[in-house]
Amino acid sequence: MLITIPDVLSPEEVADARSILEGAEWIDGRVTAGHQSARAKDNQQISEGHPAAEKVGGMILAALSKNPLFITSALPLRIFPPLFNRYAGGQSFGTHVDNAIRQFPGSGARIRTDLSATLFFEEPENYDGGELCVEDTYGVHRVKLPAGSMVLYPSTSLHHVTPVTRGARLCSFFWLQSMIRDDGKRSLLLDLDLAIQRLGNDMGEHDAAKKTAVQLTGVYHNLLRQWAEM
Ligand code: NI
């Protein structure tokens, strides 16, 4: 399932982040690609652990930690420090699947990549192309979001970025390990959570509705207890 998380960063935060990122050194993006994806990848990145990446990465993680839609849809266990890329002058990234395991920079800690995230820093009208195209069993989803918004998609998906033929596409990208490895189970929990929230908003003083909400909340937590990996 693809999930759009609007307005992760405010316009002021986007402007601050952009000025920090634009002052950093950019290098060939193939440094973080696996063997197979290095052949498909043509973009620029800021190196892992660069102070600019750490500063803006910290801003993104702080914003996500307070974002209810992110938390309920991702059920995050560990989040990889955000990376940054830029595409311009016809650059693109051909069809690939992200590496299953990632090692945290400067430590032996590893995560399994369950979800991939792309957060946009440029308004869509300022560049042509640069769509993130994610394939699933329902077809190809083309994603190009306003600055400050983010998409989450299963890391198991084949995906590519179309050539940027005008302007530049500036994004953050990273991965996370979820407490719920399976995308289908995670989607069920999200549906249940959203339905319980809607019921909570609508039930007024009806006893039966209140009991139903409590019972469904119990089902949610007991499913989470059965399925969560820590
Ligand atoms: Ni990728």
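Figure 1. His96 belongs to strand 7 (residues 92-96) and His159 to strand 14 (residues 159-161), so the pair links distant parts of the chain, 63 residues apart. Helices (H or I, at least four residues) and strands (E, at least two) are DSSP runs, numbered from the N terminus. His96 counts as buried at 3% relative accessibility, and His159 also counts as buried, at 3%. Buried means under 20% relative accessible area, exposed over 50%, and partly exposed in between (1.4 Å probe, protein chains only).

A word on conventions: residues are numbered from 1 along each chain as its sequence is written, and side-chain values use heavy atoms, with hydrogens and water left out. Because this is a predicted model, local features need pLDDT of at least 70 and side-chain atom pairs count only at pLDDT 80 or more, while totals for chains, interfaces and linings use all residues.

**Figure 2. Ser37 is in contact with His96 and Phe93.** Ser37 is found in helix 2 (residues 35-38) and counts as buried at 6% relative accessibility. For a sense of scale, 47 Å separate the C-alpha atoms of Ser37 and Gln215, which are 178 residues apart along the chain.

**Figure 3. Phe80, Phe104, Phe173 and Trp175 form one aromatic cluster.** Rings of Phe, Tyr and Trp (its six-membered ring) pair if their centres lie within 6.5 Å; planes under 30 degrees apart count as stacked, over 60 as edge-to-face and the rest as tilted. By this rule the count comes to 4 aromatic pairs. Phe80 and Phe104 make a tilted pair, because their ring centres are 5.5 Å apart and their planes stand at 50 degrees. That pair links distant parts of the chain, 24 residues apart: Phe80 is in the loop between strand 5 (76-79) and strand 6 (83-88), and Phe104 in the loop between strand 8 (101-103) and strand 9 (110-112). Both Phe80 and Phe104 are buried. The rings of Phe173 and Trp175, with centres 5.7 Å apart and planes at 90 degrees, are edge-to-face. Phe173 is buried with a relative accessible area of 12%, and Trp175 is buried with 4%.

**Figure 4. Arginines Arg102 and Arg86 sit over tryptophan rings.** The charged end of Arg102 is 4.1 Å from the centre of the Trp175 ring. Arg86 lies over the face of Trp26, 4.4 Å from the ring centre. A charge sits over a ring if NZ of Lys or CZ of Arg is within 6 Å of the ring centre and within 35 degrees of the ring normal.

**Figure 5. Helix 3 (residues 51-65) has a buried side and a face turned away from it.** Its 15 residues reach 21 Å from first C-alpha to last, close to the 21 Å expected at 1.5 Å a residue (the expected span is 1.5 Å times one less than the number of residues). Ala52, Ala53, Val56, Gly57, Met59, Ile60, Ala63 and Leu64 are buried. They cover an arc of only 155 degrees around the axis, which puts them on the same side of helix 3; the arc is that of the directions from the helix axis to the C-beta atoms. The buried residues pack against elements including helix 1 (11-22), helix 4 (68-74) and strand 15 (168-178). The face turned away carries the exposed residues Pro51, Glu54, Lys55 and Ser65.

Methods:
Contact = heavy atoms within 4.5 Å. Lists of a residue's contacts leave out its neighbours within four places in sequence.
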